[in-house]
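This briefing covers helix packing and surface pockets. Please consult the sequence and the model shown below.

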Amino acid sequence: MAIIGYARVSSTGQSLDVQLQKLVSCEKVYQEKKSGRTDKREQLQLALDYVRDGDVLVITKLDRLGRSTRDLLNIINTLDRKGVQLKVLDQNIDTGTAAGKLMFTMLGAIAEFENDLRRERQADGIAFAKSKGIQLGRKKKTTDLQVDEIRSLREDGVLIKDLMSQFGLSKATVYRVLESEQVAA
C-alpha cells in the first residue's frame, strides 16, 4: 500500500508550500499549477495512472482535485475501479467509508454550486459597471495627448528607444500606440 499525494494551485503566482507541508507523510507527491476547471492536469493524470489497488490518494482540500461535480465523480469512479481510497485532509473525508463517500459527493456539489454563484455575481458586477460607463480592464498607460505627442515625435524622426525613455513605456506599448494610428487612418 502506497500513500500518494496530489497538490494543485490554480495559477503560477500561487504557492504549493502549504499543501506540500500537509502532504509530507506521502511517499510520492504529484504537484502542478493549473486551473482545475479548464486546463489539462497532467500530474493528476499521472497520479491516477500510478495508484494501484490498496493505495491511498491524499489531497488537502476537495477543490484541489476538481471544481465540477461530474469531474470529481469521474475521478472517484476511477479510483474505486482501481481499489484506491481517497483521503481529503482538511475536510476529514475518507472514501473508504460510506459516510466518506456521501460527504465527498455532497461537498463536491456544494463547491460547484459556490463556484457557479461566484461567476454569476462577477458577471452581474461587470454588467452593472458597464451600464454605469465604468471602464473595465487595465488602465491605459498613455493619455490621448501623449498618444498624439508620441506620433508627432515619431514622424519627426525620434527613435523608438528615445520615445520609450521619454514616456516611460515599453517598446511594445510604443509600437502599439504607433500602429493604432495606422489602423485609425
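**Helix packing and pockets**

Helix H2 (residues 42-50) and helix H3 (residues 69-82) have axes that come within 10 Å and cross at roughly 20°. That angle makes H2 roughly parallel to H3, because angles under 35 degrees count as roughly parallel, over 145 as roughly antiparallel, 65 to 115 as roughly perpendicular and the rest as oblique. The model is predicted: local features need pLDDT of at least 70 and side-chain atom pairs count only at pLDDT 80 or more, while totals for chains, interfaces and linings use all residues. Residues are numbered from 1 along each chain as its sequence is written, and side-chain values use heavy atoms, with hydrogens and water left out.

**H2 with H3**

- Leu44, Leu48, Asp49 and Tyr50 of H2 meet Ile75, Leu79 and Lys82 of H3 in this contact (heavy atoms within 4.5 Å).
- By class, the contact of H2 with H3 holds five nonpolar, no polar and two charged residues (Ala, Val, Leu, Ile, Met, Phe, Trp, Tyr, Cys and Pro count as nonpolar, Asp, Glu, Lys and Arg as charged, and the others, Gly among them, as polar).
- Helices are DSSP runs (H or I, at least four residues), numbered from the N terminus; axes are lines fitted to C-alpha atoms over the stretch in contact, and angles run from 0 to 180 degrees between N-to-C directions.

**H3 with H4**

- The axes of H3 and helix H4 (residues 98-131) cross at roughly 155° and come within 8 Å, which means that H3 is roughly antiparallel to H4.
- H3 passes H4 in a right-handed crossing (the near helix is turned clockwise from the far one by less than a right angle).
- On the H3 side the contact involves Thr69, Arg70, Leu72, Leu73, Ile76 and Asp80, and on the H4 side Lys101, Phe104, Thr105, Gly108, Ala109 and Glu112.
- Five nonpolar, three polar and four charged residues make up the contact of H3 with H4.

**H5 with H6**

- H5 and helix H6 (residues 160-167) pack with their axes 10 Å apart, at an angle of about 150°, so H5 is roughly antiparallel to H6.
- The crossing of H5 and H6 is right-handed.
- Gln146, Glu149, Ile150, Leu153 and Arg154 of H5 form the contact with Ile160, Leu163, Gln166 and Phe167 of H6.
- The contact of H5 with H6 divides into five nonpolar, two polar and two charged residues.

**Pockets**

- The largest pocket holds about 320 Å³ of space (a pocket is an open set of points on a 1 Å grid where a 1.4 Å probe fits, with protein on both sides within 12 Å along at least five of seven lines; lining residues have an atom within 4 Å of a point).
- Among the residues lining the largest pocket are Gln135, Arg138, Asp144, Val147, Thr173 and Arg176.
- Helix H5 (144-155) and helix H7 (171-184) each supply at least two residues of this lining, and H7 gives the most, with three residues.
- The lining of the largest pocket comprises two nonpolar, four polar and six charged residues.
- The second largest pocket has a volume of about 210 Å³ (the space filled by probe spheres set on the points).
- Of the 11 residues that line the second largest pocket, Asp63, Leu107, Ile110, Ala111 and Glu114 are the closest to its centre.
- Four nonpolar, two polar and five charged residues form the lining of the second largest pocket.
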